[in-house]
Amino acid sequence: MIAEIYCTPPGVRLSSSSIAVCSACPARGSVRGHRCAVYPSSSLTDAQWAVLEAVLPPPGNRGGKGGRHEKYCRRVILDAIFYVVRGGIAWRQLPREFPPAMTVYAIFRRWAAAGTWRQVHDALRDRVRVHAGRAPQPTAAIIDSQSVQGSDTVPAASRGYDAGKKTNGRKRHIAVDSLGLLLAVVVTVASIQDRDGAIRLLAAMRARFATVTLVWADGGYAGRLVEWSKHVLALTVRIVKRTDDLKGFQVLPRRWVVERT
């Protein structure tokens, strides 16, 4: 059942109770008794919105570049984006109670180009770390890679064949903290060696996290990467190898964290 979903003009009734007046709505000063409304499955709480509002780009024509004022409530725009992500649907399948689908998509792309989603992610990661009793900035990381089959639309120039995994596509290299929270991502062709991709990954991580001094990795990263990281990035790469005597699945110290990310 739909709760109120966006700025409702006077006289229009929806099938749910009102929530507090939305401070993010451009029309809040001109529409008497207006309310923002939400889908329960994807809506932000007031506490969540308070965190995200602070890291969003300045509203339209407040950034010194001119342009029109924003027409739709930013909180509802976020609800619409989360609705698409959670439901795994196409943008044009957004329910009509949301702002127009192409408007939502255009804002999503604009915020992506401005690095907004990285800022949102980093802000939430720091809050999770503090809540867990950790410092906001990590001091250790775990790295790993995964080959992913490329679809037919992936051009040949940006894909490769991973003979070990028998996968034709791309490879994503990730670095996470000790809680499994994402620190850095690098995407390459699947044919690249793990340790070669790790050079780009560790360089990207070092550029953003000067506090990290220790990195755990599996046996695929052994060799020249260890020495390169030590002398170039001042990082200690510790290889955690699997015991050959044991068969089947086994939880390896530290390495299991990245497996769940």
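Guide: Let's start with a pair of helices: H1 and H2 pack at an angle of about 100°, and their axes are 11 Å apart. Keep in mind that this is a predicted model.

Visitor: How should I read that angle: are H1 and H2 roughly parallel or roughly perpendicular?

Guide: The general idea is that angles from 65 to 115 degrees count as roughly perpendicular. H1 and H2 are therefore roughly perpendicular to each other.

Visitor: Which residues make that contact?

Guide: From H1 you have Asp46, Trp49 and Leu52, and from H2 Arg74, Arg75, Leu78 and Phe82. Sorted by class, the contact of H1 with H2 has 4 nonpolar, no polar and 3 charged residues.

Visitor: What about H2 and helix H3: at what angle do their axes cross?

Guide: The axes of H2 (residues 74-87) and H3 (residues 101-113) cross at roughly 95° and come within 10 Å. That makes H2 roughly perpendicular to H3. In this contact, Arg74, Ile77, Leu78, Ala80 and Ile81 of H2 meet Val104, Ile107, Phe108 and Trp111 of H3. By class, the contact of H2 with H3 has 8 nonpolar, no polar and 1 charged residues.

Visitor: Let's stay with H2. How do I check its length, and which of its residues are buried?

Guide: For length, you set the reach from first to last C-alpha against the span expected at 1.5 Å a residue. H2 has 14 residues and reaches 20 Å, close to the 20 Å expected. For burial, the cut-off is under 20% relative accessible area. In H2 the buried residues are Arg74, Arg75, Val76, Ile77, Leu78, Asp79, Ala80, Ile81 and Val84. Their packing partners are helix H1 (46-53), H3 and H4. Just past the end of H2, Gly88 takes a positive phi of about 65°.

Visitor: You mentioned a positive phi at a glycine. Which residues other than glycine have one?

Guide: Two cases to look at are Lys166 and Ala234. Phi of Lys166 is near 55°, and this residue sits in the loop between strand S2 (160-162) and S3. Ala234 has a positive phi of about 60° although it is not a glycine, and its place is the loop between H6 and S6.

Visitor: Are Lys166 and Ala234 buried or exposed?

Guide: Here the cut-off is over 50% relative accessible area for exposed. Lys166 counts as exposed at 63% relative accessibility. Ala234 is exposed as well, with a relative accessible area of 56%.

Visitor: And a residue in between: where does Gly115 lie, and how does it count?

Guide: Gly115 lies in the loop between H3 and helix H4 (116-131). At 24% relative accessibility, Gly115 counts as partly exposed.

Visitor: What does a buried charged residue in a strand look like here? Take Asp144 in strand S1.

Guide: Asp144 is buried, with a relative accessible area of 12%. To see what surrounds such a residue, leave aside its neighbours within four places in sequence. That leaves Asp144 in contact with Arg172, His173, Ile174, Asp218, Tyr221, Val258 and Glu259.

Visitor: Now zoom out: how many helices and strands does the protein have, and in what order do they run?

Guide: The protein has 7 helices and 6 strands. From the N terminus on, the elements run α-α-α-α-β-β-β-β-α-β-α-β-α. Buried residues make up 38% of the 261 residues. Finally, for contacts between residues at least 6 apart in sequence, 55% join residues at least 24 apart.

Methods:
Residues are numbered from 1 along each chain as its sequence is written. This is a predicted model: local features need pLDDT of at least 70, side-chain atom pairs count only at pLDDT 80 or more; totals for chains, interfaces and linings use all residues. Side-chain values use heavy atoms; hydrogens and water are left out. Axes are lines fitted to C-alpha atoms, for helices over the stretch in contact, and angles run from 0 to 180 degrees between N-to-C directions. Helices (H or I, at least four residues) and strands (E, at least two) are DSSP runs, numbered from the N terminus. Angles under 35 degrees count as roughly parallel, over 145 as roughly antiparallel, 65 to 115 as roughly perpendicular and the rest as oblique. Contact means heavy atoms within 4.5 Å. Ala, Val, Leu, Ile, Met, Phe, Trp, Tyr, Cys and Pro count as nonpolar, Asp, Glu, Lys and Arg as charged, and the others, Gly among them, as polar. Buried means under 20% relative accessible area, exposed over 50%, partly exposed in between (1.4 Å probe, protein chains only). The expected span of a helix is 1.5 Å times one less than its number of residues.
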